[in-house]
Amino acid sequence: MADPPHHERFQLGESFAAVLTETTQSLVCVYDRDARILLFNDACERATGYSREEVLGRDARDYVIPPEERDAFGEFLAYVWKTGAPSPQVGHWRTKAGGRLLIAWSNKPLIGPDGTPTTLVTSGIDLTDRAPRRDDDDRALQGDPEAKLLEVSRL
């Protein structure tokens, strides 16, 4: 009997997801309902200078979320937990050395057996070096989320 076609033999599993998470150039971070970091991939470590050991199990607002974006991050998470809907975002991450990164985030909550979101899986692209340097354009990236997303799509 012949082997089934390749596309029928290949199954995505946890090991595939783990390998993909660690080999991608995208920032991949997973949060729990209390904003604690549950997963922080290699790209996150390289971008921020924080090691996994420093941030895992800790509130993201104490490490990577800048103080001035702390409340907005909390509101974003509250929206995700309430609605269970993805909510693309653009925001800053703080580096261990005190720098700032401009990140465009895609995200999707994972839903538990009871139908409520349990964790939030995020994937980000560092736009820091792609961001415009003119003051007018920089102000667009400090506005509301929709304005930020429009500006990111322009970039």
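## A ring cluster

Tyr31, Phe73 and Phe76 are joined into a cluster by ring pairs. A ring pair here means that the ring centres of Phe, Tyr or Trp (its six-membered ring) lie within 6.5 Å; planes under 30 degrees apart are called stacked, over 60 edge-to-face, and the rest tilted.

## About the model

This is a predicted model, where local features need pLDDT of at least 70 and side-chain atom pairs count only at pLDDT 80 or more, while totals for chains, interfaces and linings use all residues. Residues are numbered from 1 along each chain as its sequence is written, and side-chain values use heavy atoms, leaving out hydrogens and water.

## Aromatic pairs

How many aromatic pairs does the rule give? The count is five. One of them is Tyr50 with Tyr63, an edge-to-face pair at 5.5 Å centre to centre with 80° between the planes. These two sit 13 residues apart, Tyr50 in the loop between H3 and H4, and Tyr63 in the loop between H4 and H5.

Then there's Trp93 with Trp105, a tilted pair with 5.0 Å between centres and 55° between planes. Both Trp93 and Trp105 are buried (under 20% relative accessible area; over 50% is exposed and in between is partly exposed, using a 1.4 Å probe and protein chains only).

Thr48 sits in helix H3, residues 42-48 (a helix is a DSSP run of H or I with at least four residues, numbered from the N terminus). Is Thr48 buried or exposed? Its relative accessibility is 3%, so Thr48 counts as buried.

Leaving aside residues up to four places away in sequence, Thr48 touches several residues, including Phe40, Val64 and Trp93 (a contact is heavy atoms within 4.5 Å).
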